[in-house]
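This report goes through one structure, part by part. Please keep the sequence and the 3D view open while reading.

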Amino acid sequence: MPRRIAIVGSAQSKFKSKLADQHYGELIYKAVMKALEDTGIGIEDIDTVVSASCDMLDGRSISNVFVAEAMGAFLKEETKVEEDGSFAAVYTFMRLLSGAFDTAMIVAYSKGSESHPHFYTGLQTDPHFLRPLDLDDLTVGALQANVYMNRYGVTGEQCAKVAVKNRKNGSKNPYAVLRKEVSLDEVMKSPVLASPIRELEAYPVTDGVCVVIMAAEEKAKKMTGAPAWITGAGHIMDGFYPGHRDLAELKGLRKAAGDAYRAAGIKNPLGQIDVAEVSESFAYQELMICEALGLCGPGEGGKLIDGGKTEMGGALPVNPSGGALCANPFMATGLVRIAEAALQVSGMAGERQVPGAKTALAHGSSGLGLMANAVVILSKD
Amino acid sequence: MPDEPMVLKGNITAPYNWTTGQAAGRFLTEFKENRRIIGAKCADCGVVFVPPQEFCRTCLKMMEFVPVSDAGTLTGFTVVETKPPDNPFSLGDPPYVIAAVRLEGADTDFIHLIRKGVAPSSLKPGMRVRAVWKEERKGNLLDIEGFEPAPEAAAVISDQPILEPKIREVKGKVSVPYNWAYGENITKFFKETRDNKRIMGTRCSKCRKVLVPPVALCGRCFAMTEEKWVELPDTATLVAHTVVYLPFPGQPQEPPYAYGMLRFDGADTQFPHLIGGIEFDKIKCGMRLKAVWNEERKGDLFDIKYFEPLRE
Amino acid sequence: MRRAAVVGVGQTECKTRNLDVTFPGLVHLAVTRALEDAGLTIGDVDAVVFGSSPEYFEGVNHPEFWCGEASGGYMKPQMRIHTGGTVGASTGIAAFYHVASGMYDTVLAVTADKLSEGVVQLGLSTVYDPIFGRQFACGAPSAVAIQSRWYMHKYGATEEHSALIAVTNRLNAVKNPYSHLKIPNISVEMVMKSPYISEPIRLLDACPASDGACAMVFQEEKKAEKTCKKPAWVHAVSAVAEGVGYVDRDWAIPLALNKAAKKVYHEAGIANPFKELDVVEMYEAFTYQEMIWMEGMFLCEEGTAMKLIEKGAHEMTGELPINPSGGVLSTNTIGASAMQRQAEAALQVMGKAGEHQIDGVRRGIAHGWGGGIQFHTLMILGDEKP
């Protein structure tokens with residue numbers, strides 16, 4: 001790569017299921033100011049701002065119109081990626097790699113409570129073949145879970161274990177919405193939303209903002225003593241119609257991870273990666289994601305969680321933050337994963353720190369049933 | 001004591017006329033007229049996609065439309081137990097079953113429903129299922145009521161020629177409710193307009209300019225406004241205006257009407273509002289205006305009915 | 001920075017309602033035409049950038065997925081850019097950065113909207129703040145009407161000036177096979193007799209709402225030279241934002257455009273844009289904006305654009321032709337509009353603009369406008385390597 005780029009700072013709002021007392025603009029500038037303050041820089045040090053948000057979620061078309069100022073983008077080079085924030089991060093990485101900018105800020109946000117997840121996700125369907133079935137992320141996800149579990153004999157209990165693990169991790173994350181541990185029994189007895197997905201295996205509606213600051217080498221080293229270098233990135237879009245994909249395999253994610261691994265020189269992900277933060281809106285997804293990332297073979301996600309490798313203290317802890325199951329601010333979820341992964345390699349993840357983490361993976365996703373995926377590899381060196 | 005938060009409840013409702021094109025157009029026409037399911041096949045890779053696409057996603061070449069059977073095997077399913085919020089596409093009360101079916105002749109799965117009345121416990125992946133067609137069909141995906149188990153169902157693929165797309169567009173509607181939070185500052189602003197007919201602004205801590213609406217951040221300086229509020233009169237100067245004549249479905253005001261950007265006396269930002277009490281052709285940039293307050297005020301922009309010329 | 005060039009352009013014919021194809025179908029058409037123009041296949045493409053405008057136009061959220069396969073993005077890196085009216089340009093700029101980053105060599109950018117699917121002014125009215133202003137919004141016309149009135153009041157521009165701009169653009173559009181609104185017998189009188197839609201904007205001062213798509217292929221230097229005999233090299237790009245309600249805002253002075261213009265002229269080594277540029281493609285959805293943007297991009301002094309209009313400097317045969325394609329005034333898909341500016345500027349540089357080709361274009365500039373009259377983009381394209 002022509003120049004080295006690092007994450008030098010980040011901020012997350014304390015995610016909540018409903019922040020009715022805060023205007024979304026306030027949420028944004030508070031997080032932006034915190035990110036700048038924690039990094040020890042001013043808005044004048046930022047060359048370009050890239051945001052990730054969604055018109056239909058905000059109920060404000062061209063969603064960056066009224067928050068350009070709150071993002072500190074007034075008279076700056078600015079653009080918006082209308083995907084999960086991880087895609088905005090990948091594009092920002094490219095903007096910096098090009099040499100056109102030395103510093104950048106990525107801002108991703110949503111207030112899921114001001115609308116309803118059904119509309120944000122359900123309206124992603126086409127008008128002719130999917131819309132008449134009133135599908136959304138839950139029902140497409142449930143269909144995917146069913147196909148996946150049947151194909152490989154993954155059990156409901158194995159999926160539930162993901163929720164137990166992530167909720168336990170989330171209890172130590174001050175930014176998480178859900179901070180209470182749950183037992184396997186509680187998960188298995190929680191009501192079914194759409195079979196096989198149960199209430200405690202689904203994400204909470206979340207309001208919040210995530211901000212990440214990136215810089216090119218020279219500036220990065222001045223801004224922080226612990227930069228998280230971006231050593232690889234990849235993003236791939238799979239087919240649109242769920243039936244036109246093999247729902248049990250995340251082919252696109254496998255390819256995106258392959259691209260990121262190639263750039264980062266990772267041949268054995270389980271051995272070379274110390275920690276992963278992934279975007280699992282529903283518990284079963286973490287197992288599928290782990291498979292596509294090559295942490296285990298196809299269909300072995302259930303065994304992976306049974307073996308405890310992805311727990312804190314395991315060979316490769318997945319979602320020390322609690323993941324999307326503990327806080328899922330649409331558009332920001334993947335950027336939160338990147339921020340958390342950066343904190344891990346910078347050694348600043350507090351109670352959720354994986355000791356000695358040198359290489360971290362972050363995953364973000366957009367679309368129904370994990371249709372489009374982005375992978376970013378961060379490294380201490 | 002911080003003011004209790006206020007929220008603007010609203011929704012965006014919009015009508016659509018979705019074009020069906022060559023693929024969905026043929027598919028829906030065949031549904032309605034021939035109770036037949038069609039797919040599309042790429043001449044290069046030979047894969048049959050159901051529902052059909054116009055072009056191959058791998059080589060982007062146009063595909064050929066081919067009929068497939070309305071029977072096949074069940075790939076997977078979900079029993080939906082929670083009702084999505086009301087919307088124009090609601091399927092009614094759960095439980096209902098969404099299924100993926102591999103139709104005979106197709107290389108992909110077709111997503112549809114299991115017919116109401118079939119016990120979910122009787123469903124097994126890999127079992128044979130068949131479409132149950134409605135007697136009265138409208139050229140919609142739901143012309144099939146759903147699929148049902150049919151162990152003996154034969155794979156009949158009629159080879160009569162595929163009809164041209166007679167269904168060219170499909171009408172529909174999107175309706176999304178929103179709760180836009182005012183936040184602390186705007187809540188205070190609207191409590192003041194509602195309770196005291198008072199205009200309140202904020203002052204930037206850096207450039208010292210006054211902002212109405214009273215946001216907490218001066219975007220130009222990227223600096224917070226001061227905690228102390230500024231009270232302004234309800235008089236203003238018109239900066240620029242328009243008279244709207246163009247009507248469109250779903251318009252919140254009925255044209256013609258006049259509105260403009262005005263600057264409250266003492267403020268350094270513009271504020272949008274209606275202009276009334278004057279003939280349209282007498283409205284001029286720079287004219288002096290005064291708020292006409294509504295008798296009934298709810299804490300929103302229409303606490304002020306409109307602005308009329310100030311008689312000084 | 002790695003050099004990048006435009007090696008292929010594909011546009012669809014734009015019209016009020018295209019009943020032959022779906023929204024993805026439009027995207028597919030532009031993509032296949034751009035690849036054909038470049039002499040490439042989708043297999044040669046490393047990454048795709050998709051752009052479209054507010055989702056309420058077509059009633060489908062995240063349309064990059066519904067249109068994903070049509071965009072050529074299946075099992076490829078693909079993402080959606082959405083910045084309102086500037087989106088077409090922001091998407092082209094994103095494709096440029098994809099190449100400049102060194103991560104991808106051949107990048108396809110495609111933008112579209114199928115405005116006839118929904119109610120365009122309703123969709124545009126949802127751009128306004130629901131708390132302050134949506135209550136009396138009339139889509140784009142009412143905001144730009146206020147901007148136009150502001151400009152007229154400040155500098156004394158008249159309805160005749162706007163009518164002259166309408167006439168020039170509409171006559172140019174007649175020569176462009178992809179343009180939507182063609183009025184060969186247009187006259188100043190006809191414009192001034194057309195009814196107001198939002199005073200001072202008359203029907204013929206306004207753009208139509210179009211169904212259409214535009215795609216461009218960007219390539220890195222070595223591949224571009226192999227693919228294309230005369231590629232259009234990207235000399236400089238910029239996309240700058242303003243706020244909406246900031247203090248002392250003057251709607252007749254586009255600060256973001258000022259800033260973007262200074263950046264691209266500096267990078268392209270341009271001291272006198274009016275003299276050194278050979279053609280301008282700008283995003284004027286309404287006539288008055290042409291004057292505001294001319295001043296905003298320093299083609300003339302503040303408040304003097306009307307003098308250039310009076311002497312016809314903006315016409316095909318003038319000193320600096322503006323919008324030989326007919327501009328946004330003649331074709332507005334919104335999603336693709338700002339990319340059509342880049343594509344048209346590229347065609348002019350490549351000498352492939354057909355009937356509306358300006359002779360001897362060496363350098364052209366493409367402008368995009370969007371958001372709450374607050375986003376501006378610029379791209380300078382030239383026939384020589386930057």
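How many bridges join β11(B) to β15(B)? Three bridges join these strands, which run antiparallel.

## About the model

The model is predicted: local features need pLDDT of at least 70, side-chain atom pairs count only at pLDDT 80 or more, and totals for chains, interfaces and linings use all residues. Residues are numbered from 1 along each chain as its sequence is written, while chains are lettered from A and ligands numbered from 1 in the order in which they are written.

Strands (E, at least two residues) and helices (H or I, at least four) are DSSP runs, numbered from the N terminus. Two strands pair if DSSP finds at least two bridges between them.

Strand β11 of chain B covers residues 199-203 and pairs with β12(B) in the antiparallel sense over two bridges. Here T202(B) is opposite L211(B) of β12(B). Towards β15(B), G201(B) is opposite V230(B). The hairpin of β11(B) and β12(B) has six residues between the strands, and in it R208(B) takes a positive phi near 70°.

## Another sheet in chain B

Chain B also has an open sheet with the order β3-β2-β4 and antiparallel pairing. Its edge strands, β3 (48-49) and β4 (64-68) of chain B, each pair on one side only. Strand β2 of chain B (residues 37-41) is joined to β3(B) by two bridges, and these strands run antiparallel. K41(B) has V48(B) in β3(B) as its bridge partner.

## Chain A as a whole

Chain A contains 13 helices and eleven strands. The radius of gyration is taken over C-alpha atoms, and the globule rule is 2.2 Å times the number of residues to the power 0.38. For 381 residues, a compact globule would have a radius of gyration near 21 Å, and the 19 Å of chain A agrees with this. The C-alpha trace of chain A spans about 55 × 45 × 35 Å along its principal axes.

Of the 381 residues of chain A, 73% count as buried. A residue is buried if 20 or more other C-beta atoms, placed from the backbone, lie within 10 Å of its own. Two residues are in contact if their C-beta atoms, placed from the backbone, lie within 7 Å. Among contacts in chain A between residues at least 6 apart in sequence, 77% join residues at least 24 apart.

## Two helices in chain A

Two packed helices are described by the angle between their axes and the distance between the axes. Helix α6 (residues 156-170) and helix α11 (residues 283-292) of chain A pack at an angle of about 100°, with their axes 7 Å apart. Axes are lines fitted to C-alpha atoms, for helices over the stretch in contact, and angles run from 0 to 180 degrees between N-to-C directions. Angles of 65 to 115 degrees count as roughly perpendicular, and α6(A) and α11(A) are therefore roughly perpendicular to each other.

From α6(A), the contact uses Q158(A), C159(A), A160(A), V162(A) and A163(A); from α11(A), it uses A283(A), Y284(A), E286(A) and L287(A). These residues divide into seven nonpolar, one polar and one charged. Ala, Val, Leu, Ile, Met, Phe, Trp, Tyr, Cys and Pro count as nonpolar, Asp, Glu, Lys and Arg as charged, and the others, Gly among them, as polar.

## Where chain C touches its neighbours

Chain C has 52 residues in contact with 49 residues of chain A. On this side of chain C, α3(C) gives the most, with five residues. By class, the side has 24 nonpolar, 21 polar and seven charged residues.

Chain C also has 46 residues in contact with 59 residues of chain B. α5(C) gives the most to this side of chain C, with seven residues. The side has 23 nonpolar, 17 polar and six charged residues. Strand β16 of chain B (residues 235-244) pairs with β5(C) in the antiparallel sense over two bridges, and V244(B) is opposite S198(C) in β5(C).

Notes:
Buried ≥ 20, exposed ≤ 12 C-beta atoms within 10 Å, placed from the backbone. Parallel < 35°, antiparallel > 145°, perpendicular 65-115°, else oblique.
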